[in-house]
Amino acid sequence: MTLSHPTRREFFTYVGAVSAAPVFRAQAKDAHRWDASFDVVIVGSGAAGLSAALSAHEAGCRSILILEKMSFAGGASRISCGYFNAVDPQRQRAMHIEDSLELFEAQTIKSSHGKGSKELIHILCSQALDCLHWLEGYGVRYADNCSQIYGGMFPRGHIPLVQNPNESYIDILVERCLERGIEIQYSQFADEIIAENNCVLGVKTSNTSGPSGKKAKTRFIRARKALILASGGFAANAALCEAHDVRLRGLETTNPPSSTGEVMLEAVAIGAYAAGCDYIECMPSPVRFSRFAVFTERMLFVDAKGRRFVREDEFRDVIRDKVLSLPDKRAYVIVDNDGYMQCPLAFRENAEEELKKQRVFRGSTIAELAEKLRIPAAVFVKTIKDYNESVSSGNDRQFGRGRESMRYAITQEPFWAASCDMAIHHTMGGLLIDRYCRVMNWEGAPIKGLFACGEVVGGIHGANRIGGNAITEAHVFGRIAGRSAVSGVSGDV
C-alpha cells in the first residue's frame with residue numbers, strides 16, 4: 001500500500017459523499033453474514049485512530065483494520081497544526097517557564113466552565129507528557145521550544161516538525177502502522193454499527209469511488225474483540241451545527257468535508273449516549289489560508305474601527321462571542337513580520353495567494369496597513385503603540401492580558417493582517433466514555449465491545465476547549481482505547 005501526501009488544496013477540494021444526512025435504521029437482517037473479520041476494527045485514521053491502532057498492536061493484537069472515509073489518512077488531524085499541550089519541564093524551564101500538572105489541570109477545568117469530566121481531564125493532563133514521548137518513540141519530532149497557541153492559556157504547546165509542508169506528522173504514524181501490518185482501507189464509509197443486546201459485533205461499510213462519491217460494494221466486517229470509533233466531530237455538518245447553535249448559520253469550517261458526525265449518530269442509534277453537542281468552538285480564521293491567530297503571544301485583535309475589543313488570551317468561546325457580536329461579525333488579526341514568519345510554511349504560502357483576494361493584507365507601516373484595511377489610521381496606530389507599551393511594561397491596563405501571552409511587541413515590518421471571520425472549528429460534544437474509553441449507553445453502562453476516542457467523544461472539554469488540548473486528547477485517549485480494546489480493560493489505564 002502506497003502512502004500519499006495530499007496538498008492542502010487537494011484536501012479541501014476532495015468532497016466524496018460526505019454530506020448525506022444519516023438515517024436511523026433498523027438492524028440489518030443479514031448482519032451475521034460477515035465478509036471479513038478482524039480482532040480490532042477502528043473507524044477513522046486521524047490522530048486518535050492511528051494512536052489506537054499502534055497501542056492495540058503494542059498490546060499484542062495482530063489483526064487490526066482501520067477504515068477511513070477519505071481517500072487518504074489523517075482526517076482533521078492532517079490539516080491541524082498538531083500542537084500538543086503537555087507540561088514539559090525540560091523544554092519549558094529552558095525558556096524560563098514554570099509550569100505544573102496542577103496548573104494544567106486547573107486551567108482545563110476552568111476552561112470547561114465546570115462541564116468537563118474531572119476524571120477524564122486528570123487523565124488527559126497527567127498522561128500528556130508520557131504520550132508525547134511515546135509519539136517521539138515512533139519518530140514524531142517536536143520543536144525544542146513551547147508556545148502558547150490561540151486559546152491555549154499557557155505556553156505548553158509542542159509543535160511537530162516536518163520537512164515537507166505538504167506532509168504531516170500523521171504520515172509518520174501511518175508509516176509505523178503499515179510497517180506493523182496494520183491494514184488501512186480508504187474510501188470506506190461506516191454506514192451502520194451492528195449490535196445485539198448491548199454488544200457490538202461489527203460494522204457495515206460501503207466504499208466510495210473518488211470525488212463522485214458513488215457508493216458500492218457493501219460489506220459486513222466483524223470486530224471480534226472491539227470496534228473503536230475515532231471518526232472525528234461534526235464541524236462540517238452545517239445543518240447539525242446550526243441545530244445546536246443558530247448563530248453558526250452560514251459560517252464556513254476549518255475542518256475537512258469528512259467531519260460530518262454520522263458515525264456518532266450511528267452509535268446513538270444503537271443506544272450510545274451523546275453529551276455536550278451544543279458546545280461548538282469557532283476559530284478566528286479565514287478558511288484555507290494562514291491562521292495568524294495561531295500563536296497568541298504574537299498577535300493582536302482589532303475591530304473594524306482599529307480598536308482592541310477583547311483580551312487575546314481569553315477563552316475561545318469568549319472570543320467567539322465577542323466577534324459574533326461585532327457589526328458584520330468582522331474583525332482582524334494583526335501580526336508583524338516576525339509573527340508571520342512563525343506561521344507554518346504552508347500557511348504562509350496560502351497567505352501570499354490570498355493577498356490579491358483581500359482576505360490577507362500587508363503594509364510597510366501600520367498606517368499603510370490601516371489604509372488597506374480601510375480603518376481609521378490614527379486610531380489603529382495608537383492601538384498598536386499602546387499595546388507595544390503594554391508589552392514593555394508587562395501590564396495590559398486595557399484588558400488585563402497575561403504577561404505570558406504578551407511577550408512580543410508588534411514592531412517588525414512589514415505588518416500583516418487577516419480577516420478573522422469566525423469559522424466552525426471543533427465540536428466538543430459527542431459520545432460519553434469512561435476512563436477506559438468504553439462508550440456508555442443511556443443507562444450509564446458500557447456498551448460491550450464499543451470504544452471511542454478523539455473528537456467523536458464528548459464530555460472532556462466541557463463547554464470550551466483549551467487550544468492544543470484536542471490533539472493531546474486524541475493521542476492520549478487513542479492510546480488508552482487501543483490498550484483497553486485488547487486487554488478487556490483489566491487493570492489500570
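Arg 224 and Asp 39 form a salt bridge, taken here as a side-chain nitrogen of Lys or Arg within 4 Å of a carboxyl oxygen of Asp or Glu, and the closest N and O atoms of Arg 224 and Asp 39 are 2.7 Å apart. Because Arg 224 lies in strand β9 (residues 214-229) and Asp 39 in strand β1 (residues 36-43), the pair ties together parts that are 185 residues apart in sequence; helices (H or I, at least four residues) and strands (E, at least two) are DSSP runs, numbered from the N terminus.

This is a predicted model, in which local features need pLDDT of at least 70 and side-chain atom pairs count only at pLDDT 80 or more, while totals for chains, interfaces and linings use all residues. Residues are numbered from 1 along each chain as its sequence is written, and side-chain values use heavy atoms, with hydrogens and water left out.

As to accessibility, buried means under 20% relative accessible area, exposed over 50%, and partly exposed in between (1.4 Å probe, protein chains only). Arg 224 is partly exposed, with a relative accessibility of 43%, whereas Asp 39 is buried, its relative accessible area being 19%.

## Other salt bridges

A salt bridge also joins Arg 247 to Asp 321, with 2.8 Å between the closest N and O atoms. This pair links distant parts of the chain, for Arg 247 sits in the loop between α9 (238-244) and α10 (262-269) and Asp 321 in helix α11 (residues 316-324), 74 residues apart. Arg 247 is partly exposed at a relative accessible area of 34%, and Asp 321 is likewise partly exposed, at 32%.

Glu 354 and Lys 357 have side chains that meet in a salt bridge at 3.7 Å, N to O; Glu 354 is buried, with a relative accessible area of 10%, whereas Lys 357 is exposed at 59% relative accessibility.

## Cysteines

A disulfide is a covalent bond between the sulfur atoms of two cysteines. With the criterion set as a pair of cysteine sulfur atoms within 2.5 Å, a search of the whole structure finds zero disulfides. Cys 241 is in no disulfide, and the nearest cysteine sulfur, that of Cys 282, is 8.3 Å away.

Cys 241 is buried, with a relative accessible area of 0%, and Cys 343 is buried as well, with a relative accessible area of 3%.
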